[in-house]
Amino acid sequence: MSTAISTNKADKVNPAVKSTAYRAKRRFIIISLLPILLLFGVFAFLPIAWSLGLSAFKYDPLSSNAIFVGAENYIRMFQDSIFLKSLWVTFKFVFIAVLINIVITLLIASAIQRVRIPWLKNGFRTVFFLPTIAPLAGTAIVWNTMFNYNDGLFNMILAKLNMAPIQWLSDPHYALYSVIMMTLWADIGYNIVLFIAGLDSIPDMYYEAATLEGAGRWHVFLHITLPLLRRTLLFVSITTVVSYFQAFPQFQIMTKGGPFNETRVLSLQIYEQAFSSSNMGYASAMATVFLMIILLVTLLQLRWGRTQWEH
């Protein structure tokens, strides 16, 4: 009887206690996140808002006057052949580089994941991740030297094979693919580590059941590995697409947009308009469109991923 009475009293007190505990927890979370939100506001959202406002002006940072032009910068943008060319080059670079990146990293990760000796597996993972530690600008300088026409490593190899040397960074047919090679070498380590983590999270019982059923490796990969790796694949594809859309140092150092604008990506065009030509308003308009493109592509990828999960 006394136990029942004490339980009823506890039930009467619990809602207030729970409410107080909830408010305290919420206050703690808000206080903890406030510095991060302030940093995001000051260094991310505020510059975006400022750039959006600046895109409606003809503004030169060396001049004290800013002329309001409304949508003129946006109209000019889609009449600018160099902008349209840079937009095409950006999409071409992202599509080719992301596709090759995901295929290569998934194959390498699958091979490393099959290694059963722990120290050897960790060694392979470390070796592939090492290039990502080096600064991208330094890596671009090294590869720029390797692509040198007269005494670069690649043309030395071609000479040993009795093949004609190639203008790796000066020939319009090879320049973009040369930068893609460098980008992949410097970047695949991240995705290899992510894919290995995703593969390690797949329970062995699925593979054991497939082995008992006599399924081949290709069948297992298509019908077990890929479906169970869907979330990791979505995360890797989104982060890689966003990263490659923003690629800048390798193009600035290796080609500067040449030859004939064949490697002029949008980030490089925005930089040159803003800081070389001092067309800050026009550059802000391009940056706004660039942001919308990245946001739209990311949303499409998330929608595709959600559709795949539902199936």
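Ser-86 counts as buried at 0% relative accessibility, where buried means under 20% relative accessible area, exposed over 50%, and partly exposed in between (1.4 Å probe, protein chains only). Ser-86 has its place in helix 3; helices (H or I, at least four residues) are DSSP runs numbered from the N terminus. The structure is a predicted model, in which local features need pLDDT of at least 70 and side-chain atom pairs count only at pLDDT 80 or more, while totals for chains, interfaces and linings use all residues. Residues are numbered from 1 along each chain as its sequence is written, and side-chain values use heavy atoms, with hydrogens and water left out.

**Surroundings of Ser-86**

- Leaving aside neighbours within four places in sequence, Ser-86 is in contact with Arg-264, Val-265, Leu-266 and Gln-269, contact meaning heavy atoms within 4.5 Å.
- Arg-264, one of these partners, is itself buried, at 10% relative accessibility.

**Salt bridges**

- Three salt bridges are found in a search of the whole structure; the term denotes a side-chain nitrogen of Lys or Arg within 4 Å of a carboxyl oxygen of Asp or Glu.
- Arg-264 and Glu-272 meet through their side chains in a salt bridge of 2.6 Å, N to O. Glu-272 is partly exposed, with a relative accessible area of 21%.
- Lys-85 forms a salt bridge with Glu-262, and their closest N and O atoms are 2.8 Å apart. This pair links distant parts of the chain, 177 residues apart: Lys-85 belongs to helix 3 (residues 81-113), and Glu-262 to the loop between helix 11 (249-254) and helix 12 (266-276).
- Both partners of that pair are partly exposed, Lys-85 with a relative accessible area of 25% and Glu-262 with 22%.
- Asp-200 forms a salt bridge with Lys-121, with 3.2 Å between the closest N and O atoms. This pair also links distant parts of the chain, Asp-200 in helix 7 and Lys-121 in helix 4, 79 residues apart.
- Asp-200 is partly exposed at 39% relative accessibility, whereas Lys-121 is buried at 14%.

**Packing of helix 4 and helix 7**

- Helix 4 (residues 118-133) and helix 7 (residues 175-200) pack at an angle of about 145°, their axes being 5 Å apart. Axes are lines fitted to C-alpha atoms, for helices over the stretch in contact, and angles run from 0 to 180 degrees between N-to-C directions.
- Helix 4 passes helix 7 in a left-handed crossing, that is, one in which the near helix is turned anticlockwise from the far one by less than a right angle.
- Helix 4 contributes Lys-121, Arg-125, Phe-128, Phe-129, Pro-131 and Thr-132 to the contact, and the residues from helix 7 include Trp-185, Tyr-190, Ile-196 and Asp-200.
- The contact residues divide into nine nonpolar, two polar and four charged. Ala, Val, Leu, Ile, Met, Phe, Trp, Tyr, Cys and Pro count as nonpolar, Asp, Glu, Lys and Arg as charged, and the others, Gly among them, as polar.

**Nonpolar cores**

- Of the 48 residues in the largest nonpolar core, Phe-83, Phe-93, Phe-195 and Phe-251 touch the most other members. Such a core is a set of buried Ala, Val, Leu, Ile, Met, Phe, Trp, Tyr and Cys residues joined through side-chain atoms within 4.5 Å.
- Helix 3, helix 7, helix 10 (230-245), helix 12 and helix 13 (280-310) each supply at least two residues of this core. Its largest share, 13 residues, comes from helix 3.
- Not counting residues up to four places away in sequence, Phe-83 touches Met-77, Phe-78, Leu-266, Tyr-282, Met-286 and Val-289.
- Another core lies apart from this one and has 12 residues, among them Met-146, Phe-147, Phe-154 and Trp-168.

**The loop between helix 11 and helix 12**

- Phe-260 lies in this loop and is exposed, at 67% relative accessibility.
- Beyond neighbours within four places in sequence, Phe-260 is in contact with Lys-85 and Pro-172. Phe-260 and Pro-172 are 88 residues apart in sequence and 7.2 Å apart in space, C-alpha to C-alpha.
- Pro-259 lies in the loop as well, and a cis peptide bond with omega of about -5° joins Gly-258 and Pro-259.

**Backbone exceptions**

- Most residues other than glycine have a negative phi, and most peptide bonds are trans.
- Asn-162, although not a glycine, has a positive phi of about 60°. Asn-162 lies in the loop between helix 6 (153-160) and helix 7 and is exposed at 74% relative accessibility.
- Ser-278 likewise has a positive phi of about 60° without being a glycine. Ser-278 has its place in the loop between helix 12 and helix 13 and is buried at 14% relative accessibility.
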